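Hi everyone, thanks for making time this morning. Let me put the model up, and then I'll talk you through a few spots in it.

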Amino acid sequence: METAKKHFFIDVSVMLGRSMRHIFRSMDTIITVTIMPIAMMLLFVYVFGGAIQAGTDNYVNYLLPGILLMAIASGISYTAYRLFTDVQKGIFERFHTMPISRSALLWGHVLTSIVSNALSVVVIILVALAMGFRSSAGVLPWLAVAGILVLFTLALTWVAAIAGLSARTIDGASAFSYPLIFLPFISSAFVPTDSMPTVVRAFAENQPVTSIVESIRSLLSGGTPGNDIWIALAWCVGIMLVAYFFAMRAYKKRV
Amino acid sequence: MQFVLTKPIQVRGLQKSYKQLQVLKGVDFEVEKGSIFALLGSNGAGKTTVVKILTTLLRPDGGSAAVNGFDVSTQSDHVRQTISLTGQFAAVDEILTGRENLVMIAKLRYLKNPRQVADDMLTRFGLTEAADRRVSTYSGGMRRRLDIALSLVGKPPIIFLDEPTTGLDPEARIEVWKVVKELADGGTTVLLTTQYLEEAEQLADRIAILHEGRIIASGTLAELKSMFPTAKVEYVEKQPTLEEIFLAIIGKKEGK
């Protein structure tokens, strides 16, 4: 049993090393993942920002959490893409005929997704700092923010795994992320929900992005997020469990 | 405990269907230790399906298959310890270099010195110069060599090669043949599938002809030749080639 466990960690670390090499050898993926959210941030801060009444004198502070979620939502489409190509090409067949733990293959992709998304999040935060983003939060709130973002990435990564494992075409494998990227628009990420029509507002206030954005925003501004953080965690864990179940099912169907 | 006399590969009454289509209708064969066994058949005969079942990628619907004495469905982990597959499409990582591919597989086989293993394989397969180039820059022949090298990491005693030379130029094909012969000489058991009759003729100790989901003939090349109707021997000036045997047997079956 002990060796099985040891082998599992070796397997996962080898798989992680493999796909991290893939990422660093195609840096364009990191760039495409960060460029769109950064462009959005520039657009909203310097073009629309003046006209938006967000109830804060520093709109970058208001905007950043939503932008980070957007970056993660577009980042995970590469996870689906990488999984899809692995399944299509012979390399997964080779792994499957070797005495490797099968879940290690998926976990390798999942960890890679977390590391690469963390990289793009850091890049975006640096750009935001240059644009005037400031936070009064201490170490603990920052760790909490990191924790929420990792959980959010995990949840969406397993959603991406479903797409990557069950899609029939490469476009299908990455197209699922478009609605996720746009979800922040219909939330409190860009503007407060008060001004929205009733139906839209009801949706915006009850979808996962709003509670996550509100939690991160209040943590970064040195406040306490209250109920929002529990709703946010419940969403992330809930999505993760459901997606994990279906991803594993799709995986077993494939192999 | 393991039987000393256990044959490396034993297949009995193997059946497999994809939805309505019955691909394998009861396949039987055995492979001797250290021999090269060729599964010969046209496209769609079910060769790849047999290989996928034996390498634990697919589950059979009926019959039994044992590799190194282990049942492929119930003891697949044990099977995976002793086999290695070179599939129809080169199972290499294109973004990694040749060396990185080898090191990766050596690590996944939990070998002590992955770098040394990789170096040895690179030398053995004449890939030392290309070792640190990405595989996406390799030629078809180099890719295939790397593919086979990856399969040999960790010295698995039983190797499956599914159409190892399909799509290769003649020169690369001869290189692959050389490797396969060396393997068998070293005591490795090799099962290969091919649609090239010449390949079976060149390499195999025993040949089985898979046609429409059944083995319709098997034996050594000499045995297969003796099965060929010799009634017209007075008009025939040369020994029949395997190709003629193959076509004659298939023709006979289909005539029924």
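**A walk through the two chains**

Let's start with B:Pro8, which sits in the segment before strand 1 (9–18) of chain B; helices (H or I, at least four residues) and strands (E, at least two) are DSSP runs, numbered from the N terminus. Before I go on, a word on the ground rules: this is a predicted model, where local features need pLDDT of at least 70 and side-chain atom pairs count only at pLDDT 80 or more, while totals for chains, interfaces and linings use all residues. Residues are numbered from 1 along each chain as its sequence is written, and chains are lettered from A and ligands numbered from 1 in the order in which they are written.

Back to our proline: is B:Pro8 buried or exposed? B:Pro8 is buried, because 23 other C-beta atoms lie within 10 Å. The cut-offs are 20 or more such atoms for buried, 12 or fewer for exposed, and partly exposed in between, with C-beta atoms placed from the backbone. Setting aside neighbours within four places in sequence, B:Pro8 contacts B:Val31, B:Lys33, B:Val67, B:Asn68, B:Ile158 and B:Thr189; contact is when the C-beta atoms of two residues, placed from the backbone, lie within 7 Å. The C-alpha atoms of B:Pro8 and B:Ala66 are 7.7 Å apart, although 58 residues separate the two along the chain.

Staying in chain B, have a look at helix 5 (residues 140–152). Eleven of its 13 residues are buried, including B:Met142, B:Leu146 and B:Leu152.

Finally, chain A as a whole. Chain A has eleven helices and zero strands. Its C-alpha trace spans about 60 × 40 × 35 Å along the principal axes. Of the 255 residues in chain A, 43% are buried. And among contacts in chain A with a separation of 6 or more, 82% are between residues 24 or more positions apart.

How values were computed: Expected span 1.5 Å × (residues − 1).
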